[in-house]
Amino acid sequence: MPRLYINLRLIEENAHKILEKCSKFNVEVVGVTKVSLGDPKIAQALKRSGIKIIGESRIENILRMIENGVEGPFMMIRIPPKDDLVKIIRWCEYVLVSELKTVEWMEEIARDLDKSISAIYMIDVGDLREGVWYKDAAEEIIRALKISKRVKIIGVGTNLGCYGGVLPSTTNLGMLVEIRDLIEKRLSCQLPVVSGGNTSALKLVEEGRLPSGVNQYRVGEAIFLGTDVTNNRQIDWLTQEAIILEAPVIEVKTKPSFPQGETGQDAFGRKPIFIDKGMRKRAIIALGEQDIVPSGLKPLDKGVEVIHSSSDHTIIDVTDAERKIEVGDTMRFKLSYGALLRAMTCPHVEKIYMQGV
Ligand SMILES: *Cc1c(COP(=O)(O)O)cnc(C)c1O
């Protein structure tokens, strides 16, 4: 079985470093656990780092954490489906929203349950995922503020670098602060939270370019992987070794690099491109699309190349490997966010937790 080695101490250290760096700029860090299926041990590591709020995209994951003794506050970071609202209001302290209708539903449910919840209204400043388009934002949020009582709208937020790959900047985050200021002025109200971003916004903090007023980041990727995929970089003050995947080698053979016979599509309806490099030594590892995203496998072995995965097999060219790789060996990999997401959520990948170095 493939194994994920999860070093809780390194995760805690990454989280702590991010927290320290952000605190200097008055930015609170929400630790986002969604890549981990709401893993309680990981959430506890985040808590030990000093992070207070746990951000999650699935209510089931939040319930899993609560059942395993993780204490909130919890923030629901995916704008919520109607069916989840009862549970969200019962179990979460914060929720991100982007629809008046959802605010209305939450009001009703909160009244029925005699509860309240804090909400952050999401504004789209260009990335084109969730949030009300920035030009319409002030008007919609003012209407939301007028209809909400038990839903306490405490601020505005945005998400960047997820669909459009738009990079957080002084301009787009500045717009978020401006919209907040405008609403505060119009209604003489307080919207203290400006939840300005995720891992991709850490760069602005590092470079001292974060517009003042932005005071919350929701961070996942950097904590677990030490990478920032949107800016295509490794974050040099974090470790990239907190989580390592290991998989068994189940075949090593020398074969042609070009298939023999007439070709159609692969098992997933794709048409792989083959480059004829002559005979190559290839290892198959017991790992596939079910467990990882193949393009997100980053081998620790030097000189090897991930060629292709189907559901359960991944072919790796080991012709130029620095060590001799044989059947029965294992190979180790760092992972992209997508690959980690799949591995963490796959029941066929064993999770091994380490506390030490
Ligand atoms: C996933 C997510 C985050 C965390 O993003 P990272 O890039 O992993 O830091 C923050 N906010 C929202 C709304 C998200 O969906």
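Helices here are DSSP runs of H or I with at least four residues, strands are runs of E with at least two, and both are numbered from the N terminus. Before you go on, note that this is a predicted model, in which local features need pLDDT of at least 70, side-chain atom pairs count only at pLDDT 80 or more, and totals for chains, interfaces and linings use all residues. Residues are numbered from 1 along each chain as its sequence is written, and side-chain values use heavy atoms, with hydrogens and water left out.

**Helix H2**

Now step back to the N-terminal end of H2, which aspartate 39 caps with a side-chain oxygen 2.9 Å from the backbone nitrogen of lysine 41. Within H2, colour Pro40, Ile42, Ala43, Ala45, Leu46 and Ser49, which are buried (under 20% relative accessible area with a 1.4 Å probe, protein chains only).

**Helix H3 and its surroundings**

Next, select residues 59-67, helix H3, and show its buried residues: Ile59, Asn61, Ile62, Leu63 and Met65. What do they pack against? Their partners are helix H2 (40-49), strand S3 (53-56), strand S4 (74-76) and helix H4 (85-91). Just after H3, glycine 69 has a positive phi of about 85°.

From Ile59, hop to aspartate 84: the two C-alpha atoms are 7.1 Å apart, although 25 residues separate them along the chain. Aspartate 84 sits in the loop between S4 and H4, and it counts as buried because its relative accessibility is 17%.

**Glutamate 107**

Move on to helix H5 (residues 100-113) and pick glutamate 107. Glutamate 107 is buried but has no salt bridge, and the nearest side chain of opposite charge, arginine 111, is 5.0 Å away; a salt bridge would need a side-chain nitrogen of Lys or Arg within 4 Å of a carboxyl oxygen of Asp or Glu. Look instead at the backbone nitrogen of lysine 149, 2.6 Å from a polar atom of the glutamate 107 side chain.

**The ligand**

Finally, centre on the ligand. Of the 14 residues around it, those that come nearest are Lys34, Thr199, Arg218, Gly220 and Glu221. An N or O atom in the arginine 218 side chain lies 2.8 Å from a ligand nitrogen, while a backbone N or O atom of glutamate 221 lies 2.8 Å from a ligand oxygen. The protein covers 92% of the 380 Å² of accessible area that the ligand has on its own (Shrake-Rupley method, 1.4 Å probe).

How values were computed
Buried means under 20% relative accessible area, exposed over 50%, partly exposed in between (1.4 Å probe, protein chains only). Contact means heavy atoms within 4.5 Å. Lys and Arg count as positive and Asp and Glu as negative; His and the chain ends are not counted. A polar contact is a pair of N or O atoms within 3.5 Å; within protein, one must be able to donate a hydrogen and the other to accept it, and residues adjacent in sequence count only if both atoms are side-chain atoms. A residue is near a molecule or strand if one of its heavy atoms lies within 4 Å of it.
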